[in-house]
Amino acid sequence: MSAGGLSALDTGSGEYAGGLSALDTGSGEYAGGLIALDPGSGEYAGGLSALDTGSGEYAGGLFALDPGSGEYAGGLIALDPGSGEYAQQESAEQQRRLRESSDREMNAGGAEAKETRGGERRRLPRLKIPGKLRKIYTRKNHAADEQQEEPLEVQWKEQEQLEETSRKLIIREEQLFSQDSPSEEEEDQLQKELEALQLQILMAIQNTFTSSSLGELEVLRSAVASIQQQEEQDQRWAGRPAGQAPVWRPQKCLSRHNTLLCNMIEFRLKEAAEDDSGGANQLSSPVKREVCHLGKRVKEDLLMVVRMVKDCYPPQMDILNLYAGLYHQRFSTRLTQLAASGLEADDCSYLLFWVNHCYPHEILKHVELDGKIKTTCLGSLLLQDDLNWLEEQYLTHTEDKVKLWLTTALKKEEESWLSGKTPELIDQYYFSPMAIDVIQVVDGSLADFRQVIRDQSKTERIIAHLENFLNSYKKCMEEFVKGKHGNVRSVMKAHLVCEEQLREYITGTVVSDQQKCCCLDTLSALKDCGYRCLICPSHLKVCCSQLWTSGWLDGSISVVNSLLDSLNQHLSDLTDLKPACRQAVLCVLHQDVALQYVKRMMKTRRMSREQQLGGAQRLIEDTRRINDFFAERGCSDSSWISSLLCSIAEILRLQDSGSVQLEMVCLTRMFPDLSDTHVLALLSLKTGLSAADIRSIRRSVEENHLHDASSNHSPPFFSMVKVKWINSKINQMGLQT
């Protein structure tokens, strides 16, 4: 148990000067906390009042001042158990100093002496401990003690008169020192009554957090008013020669009040740290429990100050910010000690959680405290260097943990694929829990991160591990598909569900644009791998091989019938794919069919007028049937494909250069990825256009081209159509612009 002295304010500067409250070394209980005046000089004499460990009686505990110099002389003025009077207890050094000055400063009886205004020295009476103080500090838990304490209500009624008592004592002081020769007996009596008043004031302050009734709060208000009166009286005597002012001035009541608050707060936080009750006991470590208890005590006490105590003080004392500053200082000191003790990773995270989140947001910005506490003056609970060190320690641990979890999740999933296992069916479609596990790991780490770390840009360090995981995931899937495993289609169906879940999570997560783009690109590659596995593009190419041939142009060969029959048979295998993923596959398949039509068209050389009209007619008819086929199967997001193919058919049908130019401009505004190369490839199909017409159309398209594709809602299409032969065609036709 600690057994130090009171924390104190420097009486000159008002600055906090350290010190600790004391505990009774025998019982572990609080051993007082009252400030005393030196009977000789009226100066602050430090120390704690104490309870006698044997009887529970008030046992003194006041430091003494050197009677000669007014300097602190150490030692305790203890209560004589026999007489109830103070008896000086000095150390060897103190005894030596007192012996040297005893001839001129102490009389034969050993009582303290003071100098009168006339230069004479006289003996001061021994200071008796007020009976009321003895009653208040009498222990209540002695079973053999049958004596009843004086009811608190009676004590409060007596102490409610503190303000009036202070006022009367000041009047008596003014009257006494307005006389030419004040009575020494009256001076002694007045000094004793002022000392008793000081004890009562400090007792009222000390009971601040046990005051709940209106009567108790009125006592506190009265004590504060008394402090103000005594401070004003100190100012009145300030500057007077020593011989003309009372020896007990200045009283320094406000300084003692602030010192006592320091002491009270230190004791209350120490008491809270050692508390074994409450929900904090469920926390996993002693450090977490201590930090939680300290934080809760700070919050509870500040709320009590703003709700009840604040109104007992005048606004100029700004008591809420005084309490907030003292609690901040003590809380900060303890957390700094814990941070320097070498914390485990979980304890480090919890301490940062309180420093960066709970304390600034849930306490200082509590609805009843927000705007009333000067938070900018308080700063952080930890110094910047300590905070940076703890945050780096937390970040390193979190990165290692996330990396390990993600690597383990992918390894287990890959082992499952290679073992030949089929993914489980949930709601009649294949499912893998890997994406949910990954999301929980990453999102949980980010959620903790946002409450523990101040600089949110450092989340990039966590997302970087997700990026690496997705790249590894994509490579593993690509290698697995190449392996021709028997369970490849079922595994791919399950992982298209994973891709959808991961894409939805990353899209809605607050990360940098660059990292989000990298993650989504990787997922797109993963999805394409799945689509190629399920759709089989090579089969589609075979079905479309007769497009734009002479047989298809004149209607003698119906490509669309065999195409739709093949697609229908192929899609029957997708019933165990999640509906949302199945619809996405249908949309991609619809787009792939359209790409086959456009790619084969652009590989065709010039058409006659009749072939252009026939091709336009076949393209419109096929487009309608294909669109109906996919719409019946729930593919509602690819209607733009029909518009695209119909626009191309219209370009083929039109023969007037002006009309072709207008339709081409409309197409390029719908699809900004339509390049000049694609425009030239389309125009090269038409035999009725001159080189000048083609150059004019190309210039018009370039002038009306939308360079900002973000305002367009059509997906990219022409960027997937490669026209390799067109450059030589341009040179051949002399169509350079």
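Biologist: Where is valine 660 found?

Modeller: In this model, which is a predicted one, valine 660 is found in helix H23.

Biologist: Buried or exposed, that valine 660?

Modeller: Valine 660 counts as buried, because its relative accessibility is 0%, below the 20% under which a residue is called buried.

Biologist: And what is valine 660 in contact with, leaving aside its neighbours within four places in sequence?

Modeller: Once those neighbours within four places are left aside, valine 660 is in contact with Ile651, Leu654, Leu683, Lys686, Leu689 and Ile697. As for isoleucine 697, it is 37 residues from valine 660 along the chain, and the C-alpha atoms of the two are separated by 8.0 Å.

Biologist: Tell me about the helix itself. How many residues has H23, and what does it reach from end to end?

Modeller: Helix H23 covers residues 657-670, which makes 14 residues, and from its first C-alpha to its last it reaches 20 Å, close to the 20 Å expected at 1.5 Å a residue. At the start of H23, a side-chain oxygen of aspartate 656 comes to within 3.2 Å of the backbone nitrogen of glycine 658.

Biologist: Which residues of H23 are buried, and what do they pack against?

Modeller: The buried ones are Val660, Glu663, Met664, Val665, Leu667 and Thr668, and they pack against helix H22 (639-653), helix H24 (676-683) and helix H25 (691-703). As background, an α-helix has 3.6 residues a turn, so residues three or four places apart point the same way.

Biologist: Let me step back. How many helices and strands does the protein have, and what share of its residues count as buried?

Modeller: The secondary structure comes to 26 helices and seven strands, and 48% of the 737 residues count as buried. If you take the contacts between residues at least 6 apart in sequence, 69% of them join residues at least 24 apart.

Biologist: New topic, then: how many disulfides does a search of the whole structure find?

Modeller: The search of the whole structure finds zero disulfides. Cysteine 358, for instance, is in no disulfide, and the nearest cysteine sulfur, which belongs to cysteine 292, is 8.2 Å away, whereas a disulfide needs the two sulfur atoms within 2.5 Å. Cysteine 358 is buried, with a relative accessible area of 4%, and cysteine 476 is buried too, with a relative accessible area of 16%.

Biologist: How many aromatic pairs does the structure hold?

Modeller: It holds 15 aromatic pairs. One of them brings together phenylalanine 209 and tyrosine 323, whose ring centres are 5.6 Å apart and whose planes are at 80°, so the pair is edge-to-face.

Biologist: Where do phenylalanine 209 and tyrosine 323 lie?

Modeller: Phenylalanine 209 lies in the loop between helix H5 (184-206) and helix H6 (214-237), and tyrosine 323 lies in helix H9 (residues 319-339), so the pair ties together parts that are 114 residues apart in sequence. Phenylalanine 209 counts as buried at 11% relative accessibility, and tyrosine 323 counts as buried at 0%.

Biologist: What about phenylalanine 717 and phenylalanine 718, how are their rings placed?

Modeller: Their ring centres are 5.4 Å apart and their planes are at 85°, so this pair is edge-to-face. Ring pairs also link Phe717 and Phe718 with Trp640 and Phe671 into a cluster. Phenylalanine 717 is buried, with a relative accessible area of 0%, and phenylalanine 718 is buried with a relative accessible area of 0%.

Biologist: Last one: where is glutamate 164, and which residue's side chain does it join in a polar contact?

Modeller: Glutamate 164 has its place in helix H4 (residues 162-176), where it is partly exposed, with a relative accessible area of 29%. A polar contact of 2.4 Å joins its side chain to that of arginine 167.

Key
Residues are numbered from 1 along each chain as its sequence is written. This is a predicted model: local features need pLDDT of at least 70, side-chain atom pairs count only at pLDDT 80 or more; totals for chains, interfaces and linings use all residues. Side-chain values use heavy atoms; hydrogens and water are left out. Buried means under 20% relative accessible area, exposed over 50%, partly exposed in between (1.4 Å probe, protein chains only). Rings of Phe, Tyr and Trp (its six-membered ring) pair if their centres lie within 6.5 Å; planes under 30 degrees apart count as stacked, over 60 as edge-to-face and the rest as tilted. Helices (H or I, at least four residues) and strands (E, at least two) are DSSP runs, numbered from the N terminus. A polar contact is a pair of N or O atoms within 3.5 Å; within protein, one must be able to donate a hydrogen and the other to accept it, and residues adjacent in sequence count only if both atoms are side-chain atoms. The expected span of a helix is 1.5 Å times one less than its number of residues. Contact means heavy atoms within 4.5 Å.
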